[in-house]
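Visitor: Hi, could we go through this structure together?
Guide: Gladly, here it comes.

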Amino acid sequence: MAFTVSSTTVAGGNVFPSIWTDSDDSGRNIISRNGFSLMNKGSLLHLSTKGRNRRALSVTCSVATRPLFSVPSSPPPRESSHERKLSAWTSIRQERWEGELLVEGEIPLWLRGTYLRNGPGLWNIGDYSFRHLFDGYATLVGLHFNNGRLTAGHRQIESEAYKAAMKNKRLCYREFSEVPKPANFFSYVGELVNLFSGVSLTDNANTGVVMLGDGRVVCLTETVKGSIQINPDTLETIGKFEYSDKLGGLIHSAHPVVTESEFLTLLPDLVNPGYVVVRMEAGTNERKVLGRVNCRGGPSPGWVHSFPVTENYIIVPEMPLRYCVQNLLRAEPTPLYKFEWHPESKAFIHVMCRATGKIVTTVEVPLYVTFHFINAYEEKDEDGRATAIIADCCEHNADTTILEKLKLQNLRSLSGEDVLPDARVGRFTIPLDGSATGKLEAALDPDHHGRGLDMCSINPAFLGKKYRYAYACGARRPCNFPNTITKIDLLKKTAKNWHEEGAVPSEPFFVARPGATEEDDGVVISMVSAKNGEGYALLLDGSTFEEIARAKFPYGLPYGLHGCWVPKNAENPLLGK
């Protein structure tokens, strides 16, 4: 059997094959697919080839089995040893790729479906480099599991922000810390008008990806306009996910709560400080207001990146890290970017009934900083009545410096110093007896996971229910970023940790084995940006936490944020509509 790679050499000697053909020994074509495709006019590759010579290259290799990935026969340009160690924070080098990966170990045959991971993967426009991890243009990576085999690929999400940047060779929309540079005072005034109307806000959906109850798959960020539907099989951008209601809103929680029947999210209200809780039924695009929470303190609502639910309640967090309109207007970012820290405004947790939208209780809690809630559940008495709510999160000890530590210049530093701020499993206890205060304590000794914690997942069957296990990224110190995968046992208050020197794993995502009766019966999937410019997909046994398989990518993967699982038998009746 043989395969042929057709390619084009571009600036720097890099080779990007455009068609990969697998054929049998008689020369009959079996498969033809896109590999490293050259981008359209206005894209990064088009710009990099300007004024350069190009030459066609055709290579035929004989192999005993079908090729493992569609890769060039010539290696990419060499990087310095310093750059190769930083693949997690280096921009993706091509707009799209796909191929089959060689698996070391054994993938369970029951694992059939697609793991999608979203995140910022392109942190520059030409020679201009972005400041912050959260600024990068979204790169969607897919792992397709079928009968023990693994194919993979990535594509840039074609948001308006991304397409405009590629076409105009400059930043055109407001990202997390980046603001388009106005040409003059009048254009600055126009930019302010566009900010308040939402026109200049980015739709760069680089944060999360969810499968709705009807099978549609949507990538999300904190701007409402940054909701983009994608095809989970091809990773292609289908188009903007349009909400059919008239609720409007500029921002929402980057992480909604999604079940088979509904989509729940929070819309922060910056004018009348509070949060509007909305619900969208599966199969529709219409959000309906479930209820509203007014802020107890501060000049504006606290940042709400995520929130938890129980079987009967929606938990609305009110952090003292609050949105700041003045910081939104600044051309240059402050250390807290679009937020301000207001400890004097205190911190609260609100509890809303899922059935009626009424506020059940509001309690003051110790100051906290969290991006990601893990889960929540109701504590009940002998008669089955809820007496308290337990809500767990990745809590940063009320230390706001975590935002500044996520600047790319800090992440790319290999000083060897221990600069990652401490974090823990912060456990809120919210009484339902009318008490005015709640508790916030560590659910286990943070030293068990290296006093680092973020990017968490659980068995989805336990959403809103009492649970035992959580999977997250922890730390082996000294470090400047979470560098382990940890399985946390909230019953025994212990943790198991996976670590590989020089590796930066992304969010560990738990997929339960069909028919499983034990909470941790399944696999944990993570994509790892390894040292020396390498990258691979990793599978751990959810129970033993031992490695069962890994599959190496032909290139280094940038770090990614959040993912979702699309089962092989999932129906997509509305896909593409």
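**A chat about the strands and the histidines**

Guide: Val-351 stands opposite Thr-361 in β25. Strands here are DSSP runs of E of at least two residues, helices runs of H or I of at least four, both numbered from the N terminus.

Visitor: Before we go on, what kind of model is this?
Guide: This is a predicted model, where local features need pLDDT of at least 70 and side-chain atom pairs count only at pLDDT 80 or more, while totals for chains, interfaces and linings use all residues. Residues are numbered from 1 along each chain as its sequence is written, and side-chain values use heavy atoms, with hydrogens and water left out.

Visitor: Thanks. How do β24 and β25 pair?
Guide: β24 and β25 (residues 359–365) run antiparallel and share six bridges; two strands count as paired if DSSP finds at least two bridges between them. Their hairpin has five residues between the strands, and Gly-357 there takes a positive phi near 80°.

Visitor: And what about β21 and β24?
Guide: That pairing is antiparallel too, with six bridges between β21 and β24. Glu-318 stands opposite Phe-348 in β24.

Visitor: How many residues of β24 are buried?
Guide: Seven of the seven residues in β24 (residues 347–353) are buried. Buried means under 20% relative accessible area, exposed over 50%, and partly exposed in between, using a 1.4 Å probe and protein chains only. In a regular strand the side chains alternate between the two faces of the sheet. In β24, one side has Ala-347, Ile-349, Val-351 and Cys-353, the other has Phe-348, His-350 and Met-352, and all are buried.

Visitor: New topic: which residues does the UniProt "binding site" annotation cover?
Guide: The unreviewed UniProt entry lists His-255, His-305, His-372 and His-562. They span 308 residues in sequence, yet no two of their C-alpha atoms are more than 12.6 Å apart, so they gather at one spot. UniProt positions are given in the numbering used here, feature names are shortened, and annotations may be inferred rather than shown by experiment.

Visitor: Where does His-305 lie?
Guide: His-305 is in the loop between β20 (287–294) and β21 (313–318). At 9% relative accessibility, His-305 is buried. Not counting residues up to four places away in sequence, His-305 touches residues including His-255, His-372 and His-562, where contact means heavy atoms within 4.5 Å.

Visitor: And His-372, is that buried or exposed?
Guide: His-372 is buried, with a relative accessible area of 6%, and lies in strand β26 (residues 370–380). Leaving aside neighbours within four places in sequence, its contacts include His-255, His-305, Cys-393, Cys-394, Cys-456 and His-562.

Visitor: Last one: what does the chain come to overall?
Guide: The chain has seven helices and 39 strands. Of its 577 residues, 55% count as buried. Among contacts in the chain with a separation of 6 or more, 62% are between residues 24 or more positions apart.
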